[in-house]
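Keep the viewer open as you read.

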Amino acid sequence: MITVPRLVTPERQQRSDPAGGWVAIAGGVILAASAFLPWAYSFKALDGMTLLGFPSPLQYLGLVLGLLVAGLVVCSRRIKPKGKIRVGWVRGAKAAATGALVYIAIIILSIAVELGGLINVVYGGWVALLGAAIAFAGTRLMIMDKPATLAQAQLRPTLEILLVAVVMGAALFATAFALNIDDGGAFVSFIAFLGAFVAVLFRVGAMGFLSGVSQRHRKVLILAAFVVAFLFPFTQGGSDANMSIATQVIIFAAAAMGLNITVGLAGLLDLGYIAFLGAGAFTAAVLSRSAFATADIHPPFIVVVLIAGAVSATLGLIIGSPTLRVSGDYLAIVTLAFGEIFRISMINLDGEAGPNITHGSNGIPAIPDLTLFGFDFGRPHIVLGIPLGRFSNYYFLLLVLIAFVILVFVRLNNSRIGRGWVAIREDEKAAEAMGVNVFGLKLFAFASGAFLAGIAGAVKAHQDISVTPDQYVFLESAFLLAAVVLGGMGTVLGVLVGATLLKLLPEKLRFVSDFRLMIFALLLIIMMRFRPEGMIPSQRRQLEFHEEDEELAERIDEEVEQTGALKGAGI
Amino acid sequence: VDILQQLINGLSLGALYALIAVGYTVVYGIIQLINFAHGEIFMIGAFGALTAWILIPGESLGIWQLPIMLVVGMVAAVGTSLLTERFAYRPLRNAPRLAPLITAIGVSVFLQEFIRLFYGRIPGFPDAKRAITFPQIDYVTGPAIQLGPITIQRAALFTIIALVVCWVFLYVFVNRTRMGRAMQATSQDPDTARLMGINVDRIIMVAFALGAALAAVAGLAWGLRYTNIDFRMGFLAGLKAFTAAVLGGIGNINGAVVGGLVLGLVEGMATLIPGTFGGSAWKDVWAFVLLILVLVFRPQGLLGSRVVDRA
C-alpha cells in the first residue's frame, strides 16, 4: 500500500487557519476575474474562450465557482450559527475549491486535446488554474467545521414548495443545456461543473435540507419530477436526436432498475440479465405485425407487454431455481451461462439448426410502430406549436413505463419482502433461522426483476424497429451491472444517475468513441477500488462495504437519530 | 468411426480447456476469486507468441522458433497477470465478494480493448481489430496424420502433448517443491500458513504466474490449431475453461485437467447428437447446460476437493 505523506496536518491547520481563509478568498477572486481573460487560442476549442472581457458560458461557470469559494469563506467568518442549525461553510468552501481545480484542469486538458497541445492555452487559462490552485491550497489550510445540521431547518410550506419547483426547473434547464452541447470537451467540463456544484451543496448541508424538504413534500416532488421529465421534449425544438438518446437511456434505466432488485436488494449477482430484456424484445417481435414475425397471432400491445413480461419472469424463475443450491460466485457463473445459452439459442432458432422462431442472427426486422388508442407512435405530432417527433412519442410511453418500474421497486423495497431481501443479503442462514422464506424470496427477486426487464424489452422492440441476438451479448449485461454498481446498489436515484451517465457519455463522447469501452473498464476498476458503494450509496450499503470504519458508523448513527431514517433506503 | 474421430477432437479441445482451467483453479483455491480476466491472459499469451514470430526477421516457419514464441508468450501473459494482481486485485483482498468480481470484469474488458486498440498501432504489426492469421510452424502443423479413417491434426497432437508435459511439471511443482507445498498450505488455511512463516502475498503471485504460464501455452496451441487469433478469443474460451475447472472441482488441480478433458469430450460428442438440437451449432449450449447441472447437483465437482462455503 502506498501511503502519501500528509502535508496538511491538523496542527498546521490550527496555526494557519486565518491566513488560509485569506489565501482562499484571493484564489477565488483570481479565478473569478480570469473569466474575463481569453483562455484558448482558437474559437474551435470548447465554446469559444478567446475574447477579452466577454466570458463564454463555461468561463461564466468558472466565475461562479470562484465566487462560490470566496463567498463561502467569507460566510464562514461572518455568519455565526443560530441555535442548533449549523451550515458547513468551510466544508463547502473546500469542496468548491477542489471542484474548481478539477474543473479548470479538465478545461485546460480539453483545450490541449482539441487544439493539439498545451501551447494553445492562452494566459487567461493559466491564471484561472493558478487561482484555483491557490484557492485549493488556502482551503486545505483551514480547519474543518462540524458537519452541517441544515437538514433540521424548515421554511414555510409555500416557500418550500416553491423551492422544489425552482430546483426542478434548474435541473430541466441544466439537462437541456448539457444535451445541446455538441463539443465533447465542453460537455465533460459542464459535467465536472455540475459535479462540483452538487458536491458543494452536499458539504454545505443544502442537500440535507433539500432531502428534508423533499421528504415533507414527497408528492409535490414526485409530481414535479415527472412534470419536468414530461416537459423535456418541448425544450428540444422539434429535434429528435436527443430524444432518441433519451429513450435509450430510459429503457436502459428500466432494465437496470430490474437488475437492481436482484443485485441491489436481494444481493444475488446476475451476469446474464440482458437475456430478460432480450426475451421481452423477442416475444414482442414474434407477436408483432412484422412481415418476418413467426407467430400468426397478433394480440393488442397491452397483452403483448404482459406476455413479454410473463415470458421473462418464467425465464427468471428457471434461472433463479438453482439459487436453492448455489450462491455467491457460483450463482454469477450460472447466470452468465444462462445468458450465453439464451444468446446462442436465439441465433440457432433460425429454421436450420432448430425451429424457425427468430430468423437466427438476422433477427426480426421491420417491426411496425405502435398504435395505442388510435395514437400512431410513428408519426410526428404538433403540440402547442412545437413539433414532437417519433422518439418523443416513445419517450412519453417510456416515462409511464419507468414510473411504473420505480413504483414497483420502491413498494417492494419498503415491504415485508424488501426487508426479507435485506436479511437474506446480510446473512442468509440467520434469515432462514428467523423464518424468512429464503428460497421463495430469492425466486421472487429473479422473477420480478425479469418481469420489469421483459416489459421494457417489449417497448424496445417496437422502438428499435428490429430485434437481433447480437444486441443481447454479455457486454450489455456487464454494462447494466456497471450502471447499478456505479450509481449505488439498492437505490433508485443512484441507478437512474448511473444508467444515464453510462448511456449518455458514449453518445456525447464521440471524439473518444473508440476508447469508451476502455475508459468504462478503467472507471469500473477505479470505482471498485475507491468507492465500492457507488456514487449515491444507500447508507446501509455504505456500512456493508466499510465494516471496519467506526467513524462512518458513528456518523450515520448520528444522522439517523437526527433525520429518523436511513438515507437512500426509500428513494 | 465418427465416435472415435470426435473422441480425438474432443480430447484435444479438452486439453486446451484444461491448460486454461488450471489458472482458474489455483487462483480460486487460494483467494476464492473468480479471475474473470484469465481468459484475456490466455489471449495475451497468444498475442505474445505472435509478436515473437513477427519480431524474428524473415518469414521463416522453422520449428526452432516455437520455444522462442512460447517463452515470449509466457512472459507477456505472466507479466500482465502479475500487474493485474498487484494493481487491481490486491487492494481488494479484504473487500466484500462482489467488489473483486466486478473488478475482474473490468480488467477483462480493459485487456480486450487494450489489445484491440493498441496492438495494431505498433509499426509493422497487423490490425488487431480483425482476426489475425497465426503463423503455421513446420512439423507442429501441416498435413494431418491419417490413422485409417481417423484424421488427427498435428496441432491437436501438439496440444495433448503440451498438456501432458505441463501436468507432469505441475505435479512435481506442487508436490515436490517447497513453494508448491507452501501453496497447498495457503490454499488450505491462509491465516495459519502466514503464521507458519509463509509469505502469502508471494504465494498468491506464484499462483497467478503459474496459471498465466499455462494459459500462454494454451494460447500458442490455440493459434496453431485454429490458424487465427483475435482479441475476443479469451471470453468464450475462458468461460469454457472455468466450466471445466468447476466440473473437476474448483481448487483441485487434477480436477481442472480432468474437467477440461471431460468438457472437451462432451462438446465433441454433442456434435454427434442427431436431430434438431444437435450438431455443432448447439454444442456450446450443451456445455453450459452441463455446467449448470454440475453446479446445482454436485457443486464440489467430479473429483470434489472440498465444499467451499461461498457466502
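## An aromatic pair on one helix

Phe193(A) and Phe197(A) are 4 residues apart in helix H6 (residues 184–204) of chain A, so about one helical turn separates them. An α-helix has 3.6 residues a turn, so residues three or four places apart point the same way. Helices here are DSSP runs of H or I with at least four residues, strands are runs of E with at least two, and both are numbered from the N terminus. This is a predicted model, in which local features need pLDDT of at least 70 and side-chain atom pairs count only at pLDDT 80 or more, while totals for chains, interfaces and linings use all residues. As for bookkeeping, residues are numbered from 1 along each chain as its sequence is written, chains are lettered from A and ligands numbered from 1 in the order in which they are written, and side-chain values use heavy atoms, with hydrogens and water left out.

Over all chains, the structure holds 18 aromatic pairs. Phe193(A) and Phe197(A) make a stacked one, because their ring centres are 5.9 Å apart and their planes sit at 25°. (Rings of Phe, Tyr and Trp, the last by its six-membered ring, pair if their centres lie within 6.5 Å; planes under 30 degrees apart are stacked, over 60 edge-to-face, and the rest tilted.) Phe193(A) is buried at 8% relative accessible area, whereas Phe197(A) is partly exposed at 32%. Buried means under 20% relative accessible area, exposed over 50%, and partly exposed in between, using a 1.4 Å probe and protein chains only. Both rings belong to one aromatic cluster along with Tyr103(A) and Phe190(A).

## Rings in chain B

Trp222(B) and Tyr226(B) form a tilted pair, 4.5 Å centre to centre with 40° between the planes. They are 4 residues apart in helix H8 (residues 200–226) of chain B, so about one helical turn lies between them. Trp222(B) is buried at 17%, and Tyr226(B) is partly exposed at 31%.

Two arginines also put their charged ends over rings: Arg86(B) over Phe87(B), 5.4 Å from the ring centre, and Arg116(B) over Phe231(B), 6.0 Å from the centre. That label needs NZ of Lys or CZ of Arg within 6 Å of the ring centre and within 35 degrees of the ring normal.

## How H1 and H2 of chain A pack

Helix H1 (residues 10–34) and helix H2 (residues 57–78) of chain A pack at about 155°, with axes 7 Å apart. Axes are lines fitted to C-alpha atoms, over the stretch in contact for helices, and angles run from 0 to 180 degrees between N-to-C directions. H1(A) and H2(A) are therefore roughly antiparallel, the term for angles over 145 degrees.

Which residues in H1(A) meet H2(A)? Among them are Gly21(A), Ala24(A), Ile25(A) and Gly28(A), while the H2(A) side includes Gly62(A), Gly66(A) and Ala70(A). Contact means heavy atoms within 4.5 Å.

## Buried spots in chain A

Buried residues make up 52% of the 571 residues in chain A. In helix H7 (residues 206–216), Phe209(A) and Val213(A) are among the buried ones. The cover over the buried residues of H7(A) includes helix H5 (157–179), H6 and helix H8 (218–231) of chain A.

His462(A), in helix H16 (residues 438–464) of chain A, is buried at 7% relative accessibility. Beyond its neighbours within four places in sequence, His462(A) has contacts including Ser288(A), Asp369(A), Arg390(A) and Tyr394(A).

Methods:
Angles under 35 degrees count as roughly parallel, over 145 as roughly antiparallel, 65 to 115 as roughly perpendicular and the rest as oblique.
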